[in-house]
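The exercises below concern the secondary structure and packing of a predicted model. Each task is followed by a worked solution.

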Amino acid sequence: MSEAEPTPHPEDPDAQGSVPHIDTVQPPPVSGDAFLSPAPDGTPKGLIIETSEGSQELSARSTTDAGELRREVGAVLRLPEGVAIDPSDIDVERSDDETMIINMGPQHPSTHGVLRLMLELDGETVLRTKPVIGYLHTGMEKTAEELTYVQGSTNVTRMDYLSPLHNELVLSLAVEALLGVEMPPRSDWIRMLLVELNRVSSHLMWMATNGMDIGSTSMMIYGFREREMILAFFEKTTGLRMNHNFIRPGGTAADLPDGWEDDVTIICDTVLPRTDEYDELLTGQPVFRQRSEGIGTLSAEEALALSLTGPILRSTGVPWDLRRAMPYLRYDEVDFDVIVGTFGDNFDRYSIRLNEIRESIRIIRQVVEKMPTGDYRVQDKKVTPPPRGRIDESMEALIHHFKVFTEGFRVPEGEVYVATESPRGELGCYLVSDGSPKPYRMHIRGPSFVNLQGLPLMMRGGLLADAVAVCSSVDPVMGEVDR
Amino acid sequence: MTAERGTDVADGEPEVSGAGGSSTRTAARPRQDVVFPARDQYVEVVRGYRDGGFEMCADLCAVDYLTHPGRRLPDGVVPARFELVVNLLSLSQARRVRIRVQVPESDAVASSLVELYPGVEAMEREAYDLFGIVFTGHPDMTRILLPEDWEGHPLRKDYGVGRVPVQFKGAPGPR
């Protein structure tokens with residue numbers, strides 16, 4: 001082309017800015033002790049000092065000390081008994097030139113949202129991984145302190161947007177535990193029906209995206225097709241496809257629509273035979289098996305130490321399902337199996353989710369059979385507003401209705417931790433009340449947030465191409481991770 | 001101050017009623033034990049529980065009691081501004097225990113549990129990020145949800161939520 005085009009000289013310092021380089025020198029990670037030493041000039045610890053911390057990113061090998069390197073290579077894992085990782089196994093002497101730190105995300109289609117992974121690679125092998133999160137942080141726990149208990153479920157339902165009803169359920173259970181109200185049986189069964197349907201739709205969504213991540217675009221279409229049926233039923237029941245705000249403290253917002261049994265039966269009769277089609281499409285398919293068997297393995301000790309729950313924990317062979325171990329709602333009155341894996345790899349996690357769809361349908365069929373009649377919300381005047389019809393007849397009912405929705409109801413002082421089994425693991429709610437109509441503190445223990453800690457360990461030693469599959473098999477929902 | 005053990009009677013956890021079957025029952029979960037160790041004994045108490053079969057640390061979070069100092073605590077526990085709440089889970093016994101540690105504002109520091117439960121790594125970073133409680137011994141005490149250069153710790157009660165003024169389109173201006 002033209003000779004006038006200046007080509008930057010490699011040694012030219014001005015050209016440095018245009019060269020995309022990844023591993024800029026990061027300050028070494030600061031450990032907690034660093035905050036305790038007073039500032040060099042003797043100034044008191046101010047806000048700036050307290051909050052200017054180390055970098056959140058993965059630092060280059062040369063600026064990371066050996067102990068830190070071992071820690072990052074073995075995930076955050078320093079098991080109490082020290083069985084998982086042999087530190088001498090880790091080559092801390094390796095120089096920077098042999099490895100490369102690359103950045104995956106936050107805008108990467110297979111990170112399921114805005115998850116950013118920093119990967120250290122040796123060729124195509126992943127050495128260290130660090131998830132960097134927070135891109136979707138909107139301060140929902142702070143928002144919850146500004147909302148009344150009645151409004152609270154509109155807030156939490158947006159956290160794990162693939163299983164919104166589970167979020168509403170855990171908040172409602174926590175509020176009801178503080179209130180100490182007696183729940184009518186029908187509300188429990190309605191909640192179980194919706195929550196199990198939601199589990200099916202969430203797992204279908206996972207099957208769809210997981211299929212997409214490893215190249216099965218048919219699975220993606222099938223998963224969305226079946227999920228659509230369930231969302232249509234949710235729309236009929238709650239008025240919305242997602243973010244339902246249907247399960248509320250004190251029961252549900254409304255009763256099930258007429259003819260719900262038929263709708264639910266059709267869903268069950270359709271989805272169940274189609275799980276056999278997925279078996280045919282994926283389970284028996286050699287390409288899928290090669291890409292998932294033995295990938296992202298995890299042992300039971302590692303999963304427990306890292307607080308991983310849900311299908312990830314069960315895939316390692318630990319039969320832990322809160323529906324069985326610590327039953328809530330009426331799970332002790334229905335018959336279902338807890339699906340457990342053996343090897344803790346991607347394939348086990350896939351099989352567990354596929355079979356949990358079948359078990360959920362089994363539960364749903366029992367719920368349809370056993371659904372009792374009665375109230376769908378608690379008849380406690382302090383909690384439940386009067387029905388719409390009464391408002392037209394009675395001034396007091398109108399005032400009461402108005403008070404419940406503007407001021408909210410008061411919850412006795414106290415604190416409680418309630419946990420449920422969401423499609424992703426233990427979904428907990430720690431609720432502190434100071435006796436006012438708003439929660440003093442609401443903390444949601446998001447299973448995805450904790451489960452992401454398993455990523456560095458699961459990816460270690462695997463191929464870069466499998467990193468996408470491993471990330472997918474953790475099933476993180478970033479709305480819940482970042483809250 | 002000694003570790004106060006005992007069940008949490010005063011804190012509003014209702015009894016589980018004996019009623020089963022399809023009759024009504026209270027919404028309460030099975031009773032959870034709550035322990036109030038002193039801050040310097042906290043790690044030892046947790047270690048005791050871990051050795052006693054609590055395999056998992058299910059949750060760790062903090063609470064800022066700045067505007068609600070009069071909460072009910074057992075005798076001998078001096079309330080402080082912050083409280084660290086650790087939920088331990090025993091899979092073998094299907095039991096939970098909750099550990100509440102008082103952390104004063106002037107010295108918002110606690111020992112990290114990473115050595116005992118590596119899974120608290122992210123949770124302690126979250127508590128640091130949102131409350132400013134520093135965990136000594138934590139290998140990577142950085143912010144996790146907020147940007148690195150964020151100032152302040154938003155879940156503290158004295159951290160304002162902020163307001164964005166609403167502007168109405170076509171509203172009459174000042175005349």
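**Exercise 1.** What is the strand order of the open sheet of three strands in chain A, and is the pairing parallel or antiparallel?

Solution. Residues are numbered from 1 along each chain as its sequence is written, and chains are lettered from A and ligands numbered from 1 in the order in which they are written. In this predicted model, local features need pLDDT of at least 70 and side-chain atom pairs count only at pLDDT 80 or more, while totals for chains, interfaces and linings use all residues.

Step 1: Strands (E, at least two residues) and helices (H or I, at least four) are DSSP runs, numbered from the N terminus. Two strands pair if DSSP finds at least two bridges between them.
Step 2: The order is S1-S2-S3 (chain A), with antiparallel pairing.
Step 3: Strands S1 (100-104) and S3 (125-132) of chain A are the edges, each pairing on one side only.
Step 4: From one strand to the next, the twist averages 25°; angles run from 0 to 180 degrees between N-to-C directions, and axes are lines fitted to C-alpha atoms, for helices over the stretch in contact.
Step 5: Seven bridges link S2 (residues 116-122) of chain A with S3(A), and Arg116(A) is opposite Val132(A) in S3(A).

**Exercise 2.** Describe the packing of helices H4 (residues 149-156) and H5 (residues 164-179) of chain A.

Solution.
Step 1: The axes of H4(A) and H5(A) are 8 Å apart, at an angle of about 155°.
Step 2: H4(A) is therefore roughly antiparallel to H5(A) (under 35 degrees is roughly parallel, over 145 roughly antiparallel, 65 to 115 roughly perpendicular, the rest oblique).
Step 3: Contact requires C-beta atoms, placed from the backbone, within 7 Å. H4(A) contributes Tyr149(A), Gly152(A), Ser153(A) and Val156(A), and H5(A) contributes Asn167(A), Glu168(A), Leu171(A), Ser172(A) and Val175(A).

**Exercise 3.** Why is strand S5 (residues 95-103) of chain B largely enclosed by the rest of the structure?

Solution.
Step 1: A residue is buried if 20 or more other C-beta atoms lie within 10 Å of its own, exposed if 12 or fewer, and partly exposed in between, with C-beta atoms placed from the backbone.
Step 2: Eight of the nine residues of S5(B) are buried, so the strand is largely enclosed.
Step 3: As for pairing, S4 (residues 82-90) of chain B joins S5(B) in the antiparallel sense over nine bridges, with Ser90(B) partnered by Arg95(B).
Step 4: S2 (residues 33-35) of chain B runs parallel to S5(B), joined by three bridges; Val34(B) stands opposite Arg98(B).

Key. Contact = placed C-beta atoms within 7 Å.
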